[in-house]
Amino acid sequence: METENLDSAEGQVLATASRPWLKYYNEGAHERVWNCNKDQTMWKFMENAMQTIAPDQEAMIYFGRHYSRQEFMEMVRTWAKVFKGMGIQPDELVVLFSPFSPQVAAMLMALNAVGATTLMPNMGSSKEAIGGSVENARFAICFDGMYGQIAEALERPQFEKVIIVEASTGMSPVMSAVAGLLGKRANRKVMKAGKGRYISAAQALKTYGGWTGSFEEPFVPQRVAMVTASGGTTLSGHAKLVQCVNESIPYMIESALASREKAGTYFNVGDLCLNMLPPFVSTSEFVLFMAPLYAGCTIVFEPRLSPESFAASNFKFKPQITLMPGKGWEAYFNRVEKLIAKGHRPDLSHWKLPIVGGEGCTPEELSHWNALMKECGSKVNITPGYGMSEGFSVMSVDFDQYDYTANERDCIHVGRPFAGFTMAVFDKDGNELPAGKRGELWVKTPTVMKGYLGNPELTEKTLKDGWIHTGDLFEMDNDGEFFCYGRMVDAVYTPGRAKVYTFDIANRLRKDPEVKLAMVNNMAHKDEPQLVAHIVTVPGCKSSKKEIVERLQKDMIKWMPDGLSIEGYMIHKESTFLTSPVMKTDKNHYKKITKGYCIVKNDEFVEVNI
């Protein structure tokens with residue numbers, strides 16, 4: 001029997017001792033998760049579900065083509081034979097660099113069936129980071145449109161075969177023809193198959209699909225099913241590669257099922273789930289792929305990831321479930337407001353579980369979005385949640401539709417832990433803090449990662465006595481509900497060594513009535529802080545840039561501790577901050593800006609460089 005050892009947490013005050021959130025779940029839900037039948041491969045677990053839960057339900061839709069659950073399972077079995085024929089071995093790393101599609105989803109499951117490990121680098125990483133992460137792989141699967149990011153790494157002599165998945169693979173015949181025409185018109189640079197090591201998906205099926213014999217490898221405890229890319233980075237700046245074992249998938253599903261028992265009617269048979277996030281994102285793997293596939297939902301794969309595409313896809317498909325960082329939802333609600341202004345109030349009653357995750361949003365944005373949801377007929381609010389790759393996806397969800405009009409904190413509420421999870425807030429000395437105190441979030445979960453690929457030192461720092469040290473600043477209330485402020489590394493120190501978080505400074509800047517968004521970066525290369533602020537103003541802002549900066553400077557002089565100051569402000573013309581390839585604020589872009597900041601000095605608006 002699997003058990004959870006909490007004895008190593010010193011000074012247990014509240015969460016680890018009583019788990020106050022369990023009053024919202026059925027009796028025994030926590031223990032039931034830990035004691036579930038987890039001794040299955042990811043593929044076998046999902047295959048059993050597809051054969052028994054709504055077997056006649058549609059599984060997926062991809063650019064006009066519909067896939068049944070039976071058809072998808074057959075695709076998995078076919079690709080498993082191909083991989084066996086190619087000589088892929090158990091525990092071998094196989095690179096997958098692609099957005100989600102039915103073919104790619106089948107390949108992911110097929111690699112697990114033959115005992116291999118799918119390695120999925122972050123598609124937004126640098127070429128150097130990608131090259132370093134794939135150095136031990138012999139085989140790769142690559143979306144043809146990813147040529148610019150991955151081609152250099154795939155030229156290494158270690159690669160024997162690279163399967164090229166064309167954008168049109170798996171589309172309906174009409175959409176495939178249209179995609180081909182548009183690609184030619186755009187002169188899109190793609191990776192070509194048929195040359196040396198490069199082979200198309202169709203060629204791979206034809207060449208290796210005749211393999212006979214059993215393709216399924218037996219379950220092996222703690223075998224790594226996949227390697228996903230954490231949203232955080234190591235001290236060297238490279239994305240962290242997180243090893244997820246087979247056991248995590250049944251644990252995660254059982255946790256979601258136990259949490260759902262009293263919380264609502266999401267993930268029902270026939271629900272439509274929109275998946276736009278790439279497979280290297282663990283929440284995409286679970287919330288938008290495995291959970292809906294397990295439950296009998298239909299997944300709409302849409303790989304064209306952008307805020308505008310997210311907004312358009314939601315209006316087109318009207319899904320019940322989706323998940324996206326705040327930047328996507330901002331674009332969606334901008335479109336809602338434009339329609340309302342034109343007298344065409346959209347019907348948003350189709351929503352059941354619209355989730356904002358990843359970077360999230362401000363409390364003000366969430367309150368505004370929820371008001372729009374209600375105005376347009378939705379029975380639910382936007383649902384914030386928290387998760388991380390190190391615990392394979394979701395850790396807490398706002399099941400109770402928290403009232404943000406009463407929220408006095410400068411951060412959003414991310415709900416209560418899933419059944420089976422223990423979340424607690426600790427100080428720097430490892431003492432658990434009571435409700436209302438901020439500290440580092442630690443998590444104990446049966447879905448915990450095996451470790452970071454190729455980085456035992458960082459693994460040792462992150463996993464201690466069974467706890468994941470998240471590095472995130474959190475607060476818990478008396479009911480066991482959690483609030484996420486930001487990353488603890490986003491901090492600077494005064495000359496007297498007092499610690500100040502840059503997101504707290506940004507939240508203070510947002511108190512100005514004409515400031516919509518604020519970001520504070522430390523540009524210093526040495527110990528002494530050098531702070532700059534990036535500002536996005538509210539629509540219809542009346543003040544000049546000088547007036548805004550002057551107000552902010554005066555407030556910062558009063559509010560900031562001695563020894564700290566903001567050395568430059570930049571007011572942006574855009575209505576929001578630029579986004580990264582995974583729809584979060586592109587902080588790296590803003591950290592590279594060293595010119596064009598301004599301050600008010602002696603009543604003059606002066607430009608400064610950092």
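Mentor: Let us begin with burial: of the 610 residues of the protein, 58% count as buried, where buried means under 20% relative accessible area, exposed over 50% and partly exposed in between, with a 1.4 Å probe and protein chains only. This is a predicted model, in which local features need pLDDT of at least 70 and side-chain atom pairs count only at pLDDT 80 or more, while totals for chains, interfaces and linings use all residues. Residues are numbered from 1 along each chain as its sequence is written, and side-chain values use heavy atoms, with hydrogens and water left out.

Trainee: How many helices and strands does the protein have?

Mentor: There are 18 helices and 29 strands; both are DSSP runs numbered from the N terminus, helices being H or I with at least four residues and strands E with at least two. The radius of gyration is 25 Å, close to the 25 Å of the globule rule for 610 residues, so the protein is as compact as a globular protein of that length. That radius is taken over C-alpha atoms, and the rule is 2.2 Å times the number of residues to the power 0.38. Along the principal axes, the C-alpha atoms fill a box of roughly 80 × 60 × 55 Å.

Trainee: How is a pair of aromatic rings described?

Mentor: One gives the distance of the centres and the angle of the planes. Rings of Phe, Tyr and Trp (its six-membered ring) pair if their centres lie within 6.5 Å; planes under 30 degrees apart count as stacked, over 60 as edge-to-face and the rest as tilted. The structure holds 25 such pairs. In one, the ring centres of F100 and F289 are 5.1 Å apart and the planes stand at 50 degrees, so the pair is tilted. This pair links distant parts of the chain, 189 residues apart: F100 lies in the loop between β3 (93-97) and α5 (102-113), and F289 in helix α11 (residues 282-295).

Trainee: Are F100 and F289 buried or exposed?

Mentor: F100 is buried, at a relative accessible area of 2%, and F289 is buried too, at 0%. Elsewhere, one aromatic cluster is formed by F310, F315, W329, Y332, F333, W351 and W369.

Trainee: Where does the charged end of R438 sit?

Mentor: A charge sits over a ring if NZ of Lys or CZ of Arg is within 6 Å of the ring centre and within 35 degrees of the ring normal. The charged end of R438 is over the ring of Y485, 4.6 Å from its centre. For R497, the ring is that of Y493, with the charged end 4.3 Å from the centre.

Trainee: Which strand is joined to β28 by 5 bridges?

Mentor: Two strands pair if DSSP finds at least two bridges between them. Here β28 and strand β29 (residues 604-608) run antiparallel, joined by 5 bridges, and Y597 has V608 in β29 as its bridge partner. The two strands form a hairpin with 2 residues between them, and N602 in the turn has a positive phi of about 55 degrees. In β28 (residues 597-601), 4 of the 5 residues are buried.
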